[in-house]
Amino acid sequence: MPEDIPQMPQRFFDNIHVLNFREIASAVALTLLGDDLPADVIVRIVDETLSFNTPLVKLDDKNFILELFHGPTLAFKDVGARFMARLMAYYQKDSSEKCTVLVATSGDTGSAVANGFYGVEGIDVVLLYPSGKISKIQEQQLTTLGKNITAIEIEGSFDDCQDLVKQAFVDDELNDKMMLSSANSINLARLIPQTFYYFNAVAQLRNRGYNEAPVISVPSGNLGNLSAGLIAKRMGLPVKSFIAACNKNDSLTKYLLNGEYMAQKTKHTISNAMDVGNPSNVVRIQDLYGYAIPFLKQDLHSWSFFDEETRDMMRKAYKKYNYILDPHGAVGLCGAEKYHKMIDDDDIIITVETAHPAKFGDIVEPVLGIKPPMPERLEKVLHLEKKAIRMGADFGVFKEYLLGRNA
Ligand SMILES: *Cc1c(COP(=O)(O)O)cnc(C)c1O
């Protein structure tokens, strides 16, 4: 965590509604990173990262949806991955050596990272994914890029993939012969850009004539998205409070309830990108609030929901608003509904929608009885040729492969 989180000046908030997304993001990035990077580089990286918008959709007078799924892989992780990739490329630019980013993925993170780094000079990405254990769409998103992105299909589990990557990072010979890097969500370079869309959300709300500070409901797993929101609030963003909406992986919900953090075994749910038993960003949130639960509880509510409640919410939102939620966003809206019932039904809540419903069509379709419309760029990916290297879960083989690439 940064030592001190800087404040945005009051005049920035006075004018936020007349700024566009890139202007808002540049101002925030300059405040956070201005001591570390030249201003023109920051603005360029922001511009390249935000090649898409994050629109605010009104459901009713008290409920809005912030759609974060308009990026290349249709999930919010695109914002962080694209920014991190460009930042790494900048730091890498004077090096004659290529940097190899190793990523083990169970689906979504990998495709966002792969897309984020696609075509970025000086950086190769090697992605490991477990054969047969990710969805068809996810596999196509990982294996059809080409260029500087290589996919390796491991005959094993996600844990096997992760073990191979971890072993590579501690292998002396590999580290001697090549420059290896990771790209996981604990990386601050992925978190900073996630603050941008919270500022943009408040700007859009103002633009529609709502001047009060909203509550924001965040479907949460590893808590990166929530951490970014809490950092934005600390920078002065007028948000009344946040809701961490969790599935039955509820170690954060229990932490707020009991005051004691306990890691859990991961449970499988229909909002699977949030299936994290021991979120790595918990320490970040604890640090931000000085480990003081009462202080944290002023800014954060948390509830957890069963899959059946998630499905009910998908049906309800479709019937009431004609809005198709993906299972993650549905958990978020469950959190918003709970807040309106338990805390204050007058508050405006922005629920963050983290993925496009077509990405989770296999879950959405049986619940709603309709096929969510498939965006063109997803449809296209489905018809591209899969290119992956198949490998057993054996470190010796993986290491030989990496050394061979570099030779
Ligand atoms: C990663 C992800 C989440 C959870 O975000 P965290 O930052 O890990 O809390 C929620 N929804 C979707 C679709 C995701 O890909």
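Leaving aside its neighbours within four places in sequence, with which residues is Thr351 in contact?

A: The model under discussion is a predicted one. In it, Thr351 belongs to strand S10, which spans residues 349-353. Once its neighbours within four places in sequence are set aside, Thr351 is in contact with Phe64, Ile65, Leu66, Ser217, Gly329, Gly332, Leu333 and Ala336. Thr351 has a relative accessible area of 0% and is therefore buried, since that term covers values under 20%.

S10 is part of an open sheet of six strands, arranged in the order S1-S2-S10-S7-S8-S9 with mixed pairing. At the edges stand S1 and strand S9 (300-304), each of which pairs on one side only. Direction ignored, neighbouring strands of this sheet are turned against each other by 25° on average. Helix H15 (residues 327-342) packs on the sheet and touches S1, S2, strand S7 (215-219), strand S8 (241-246), S9 and S10. The direction of H15 makes about 165° with that of S10.

The contacts of Thr351 can now be read against these elements. Phe64, Ile65 and Leu66 are among its partners, and strand S2 covers residues 63-67. Ser217 is another partner, and S7 runs over 215-219. Gly329, Gly332, Leu333 and Ala336 are also in contact with Thr351, while H15 takes in residues 327-342.

At one end of the strand order, S1 (residues 56-60) and S2 run antiparallel and are joined by four bridges. Within this pair, Lys58 stands opposite Phe64 of S2; Phe64 is also one of the residues in contact with Thr351. The link from S1 to S2 is a hairpin through two residues.

The model also holds an open sheet of five strands, with the order S6-S3-S4-S5-S11 and parallel pairing. Its edge strands are S6 (179-181) and S11 (389-392), each pairing on one side only. From one strand to the next, the twist averages 30°. Strand S3 (residues 99-104) runs parallel to S6, and three bridges join the two. Cys99 has Met179 in S6 as its bridge partner. Helix H4 packs on this sheet, where it touches S3, strand S4 (123-130) and S6, and its direction makes about 140° with that of S4. Helix H6 (residues 136-143) lies across S4 and strand S5 (149-155), at about 155° to S4.

H4 (residues 77-92) also meets helix H9 (residues 188-207): their axes come within 8 Å and cross at roughly 130°. Because of that angle, H4 is oblique to H9. The crossing of H4 past H9 is right-handed. On the H4 side, the contact involves Lys77, Val79, Gly80, Ala81, Phe83, Met84 and Leu87; on the H9 side, it involves Ala189, Arg190, Pro193, Gln194, Phe196 and Tyr197. By class, nine residues of this contact are nonpolar, two are polar and two are charged.

Methods:
Residues are numbered from 1 along each chain as its sequence is written. This is a predicted model: local features need pLDDT of at least 70, side-chain atom pairs count only at pLDDT 80 or more; totals for chains, interfaces and linings use all residues. Side-chain values use heavy atoms; hydrogens and water are left out. Axes are lines fitted to C-alpha atoms, for helices over the stretch in contact, and angles run from 0 to 180 degrees between N-to-C directions. Angles under 35 degrees count as roughly parallel, over 145 as roughly antiparallel, 65 to 115 as roughly perpendicular and the rest as oblique. A crossing is left-handed if the near helix is turned anticlockwise from the far one by less than a right angle, and right-handed if clockwise. Contact means heavy atoms within 4.5 Å. Ala, Val, Leu, Ile, Met, Phe, Trp, Tyr, Cys and Pro count as nonpolar, Asp, Glu, Lys and Arg as charged, and the others, Gly among them, as polar. Two strands pair if DSSP finds at least two bridges between them. Buried means under 20% relative accessible area, exposed over 50%, partly exposed in between (1.4 Å probe, protein chains only).
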